[in-house]
Amino acid sequence: MISVFDIYKIGIGPSSSHTVGPMRAAYEFLRAAQQAGHIEQADAVEVELFGSLGQTGKGHGTGKAVILGLAGELPETVDTDNVENFLAKTNDTQKLNLLGEYEVNFPREGAIIFHRRKTMPKHANAMELRLLKNNEVVYKDLYYSIGGGFIVRDEDFDETLEEAIEQSSKPIPYPFDTAAELLQHCDEHGLRISSLMMANEKVFRSESEIREGLLKIWKTMQQSIDNGITTEGILPGGLKVRRRASALYQRLKKEKTSEPMQFMDWVDLFALAVNEENAAGGRIVTAPTNGAAGIIPAVMSYADKFIEKLDDDAVVRFLLTSAAIGILYKKNASISGAEVGCQGEVGVACSMAAGALAEFTGGPPSTVENAAEIGMEHNLGLTCDPVGGLVQVPCIERNAMGAIKAINAARLAMRGDGNHKVSLDKVIKTMWDTGNDMKTKYKETARGGLAVNIIEC
């Protein structure tokens with residue numbers, strides 16, 4: 001079962017597929033090598049990055065993430081305030097302590113190789129890691145970072161979800177692979193989507209553990225907003241993009257207006273704050289990816305500020321409902337910009353937020369499904385074309401637009417009569433087909449769209 005805690009993971013920016021995933025892969029690679037007794041033999045480590053990881057990895061901080069993972073750090077616990085000092089020390093000494101214990105050579109040139117033209121057949125985000133002794137490979141493995149911080153070893157790539165369910169000794173009470181199956185369970189058992197998700201999650205964790213984990217996720221989202229609205233300056237990477245959230249926050253605090261559309265400015269603020277934090281390498285929550293991390297926090301903050309104060313139960317239900325929608329995309333399509341373009345990141349987050357907001361405002365499961373469908377329908381074909389390979393332009397503003405779309409999608413569904421021509425399952429399939437038809441240059445390669453039509457400064 002894909003869990004709510006697979007969809008929402010606490011990590012660091014700027015990218016779940018290019019930062020969180022590679023950091024986890026490097027860490028897991030060394031843990032496996034340690035268990036096999038190979039890490040003690042090594043005197044060097046090499047990493048090759050393929051496909052999108054090689055093409056936009058420098059702008060997305062993939063090299064830095066790999067180094068941190070090799071050093072034994074994980075995205076949810078790494079001290080973000082000390083990262084730059086650690087990387088500078090590694091660069092100066094050209095040494096690295098694997099898992100913090102085993103010192104090896106780590107030269108500035110050649111330890112991490114970014115391939116701009118080479119790809120692996122199974123996925124656009126691939127990385128091979130090797131331990132060496134006297135220039136001879138003693139242990140190696142190939143990993144894929146498949147979006148949202150998910151990683152998979154090459155030899156496990158073809159293992160299907162159905163096989164995993166069959167092998168499980170704890171079958172879940174309401175298994176679903178499609179939105180139709182999800183709605184059928186809700187109808188037959190009189191459940192909201194969030195209640196169904198809670199029942200499934202309780203197979204593996206106690207309800208108190210689930211609630212505690214989800215409230216921690218919401219707290220981290222709020223901290224990301226707070227950090228974003230109190231930090232000024234220029235974002236790293238060379239584009240010289242100025243952080244705007246802080247100035248916008250100061251303006252909104254002072255404005256005394258009854259202008260009915262001002263709520264949009266607040267939604268924009270919340271989304272900008274999170275994604276500026278992400279672009280700066282700060283602590284955020286994949287929701288379901290880093291590139292789309294601002295949408296769900298922005299919509300939740302909108303609900304909290306303009307509809308009804310979010311109590312703990314509302315937070316838990318919002319995250320569970322949105323995760324159910326995210327799971328459908330993960331199972332039947334993709335949440336990776338390198339695989340299907342930004343429709344798989346901002347589009348999915350918009351869909352998730354729209355559905356969850358519909359439940360929060362009293363919509364039944366059928367309305368939740370409709371809201372989620374609308375959220376994706378109007379993001380179909382959205383390309384991933386980061387300027388300079390950085391998660392800044394157009395990514396930061398795209399989250400603000402995605403959050404506004406999510407709110408409108410939920411409102412359209414709530415004002416509807418329950419009849420709609422396009423189902424969520426059909427729109428998910430359409431997104432997947434569209435992603436497969438999309439040219440590779442529009443899939444997080446920085447070789448198409450705005451990435452080639454904007455002059456880098």
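Asn-275 sits in helix H11, which covers residues 262-279. Helices here are DSSP runs of H or I with at least four residues, strands are runs of E with at least two, and both are numbered from the N terminus. This is a predicted model, so local features need pLDDT of at least 70 and side-chain atom pairs count only at pLDDT 80 or more, while totals for chains, interfaces and linings use all residues. Residues are numbered from 1 along each chain as its sequence is written, and side-chain values use heavy atoms, with hydrogens and water left out.

Is Asn-275 buried or exposed? Asn-275 is buried, because its relative accessible area is 1%. (Buried means under 20% relative accessible area, exposed means over 50%, and partly exposed is in between, using a 1.4 Å probe and protein chains only.) What does Asn-275 touch, once its neighbours within four places in sequence are set aside? Its contacts are Asn-290, Gly-291, Ala-293, Gly-294, Ile-396 and Asn-399. A contact here means heavy atoms within 4.5 Å.

Now for some backbone details. The peptide bond from Ala-287 to Pro-288 is cis, with omega near 0 degrees. You'll find Pro-288 in the loop between strand E9 (283-286) and helix H12 (295-307). Another cis bond runs from Gly-13 to Pro-14, with omega near 10 degrees, and Pro-14 belongs to the loop between strand E1 (9-12) and helix H2 (16-35).

| Residue | Phi | Loop |
|---|---|---|
| Asn-135 | about 70 degrees | between strand E6 (125-133) and strand E7 (136-147) |

How do they sit relative to the surface? Gln-94 counts as partly exposed because its relative accessibility is 28%. Asn-135 is exposed, since its relative accessible area is 70%.

Let's step back to the whole chain. It has 19 helices and nine strands. UniProt, in an unreviewed entry, lists residues 3-155 as "domain: Serine dehydratase beta chain". That span is 35% helix and 31% strand, and its end C-alpha atoms lie 23 Å apart. The unreviewed entry also lists residues 188-451 as "domain: Serine dehydratase-like alpha subunit". Over residues 188-451 the chain is 63% helix and 2% strand, with 49 Å between the end C-alpha atoms. UniProt positions are in the numbering used here, feature names are shortened, and annotations may be inferred rather than shown by experiment.

How about overall shape? A compact globule of 457 residues would have a radius of gyration near 23 Å, and the chain has 22 Å, so the two agree. That radius is taken over C-alpha atoms, and the globule rule is 2.2 Å times the number of residues to the power 0.38. Along the principal axes, the C-alpha atoms fill a box of roughly 70 × 55 × 45 Å.

Buried residues make up 55% of the 457 in the chain. Of the contacts with a separation of 6 or more, 76% are between residues 24 or more positions apart. As for charge, there are 48 positive and 61 negative side chains, and the centres of the two sets lie 5 Å apart. Lys and Arg count as positive and Asp and Glu as negative, with His and the chain ends not counted. Each charge is placed at NZ of Lys, CZ of Arg, CG of Asp or CD of Glu.
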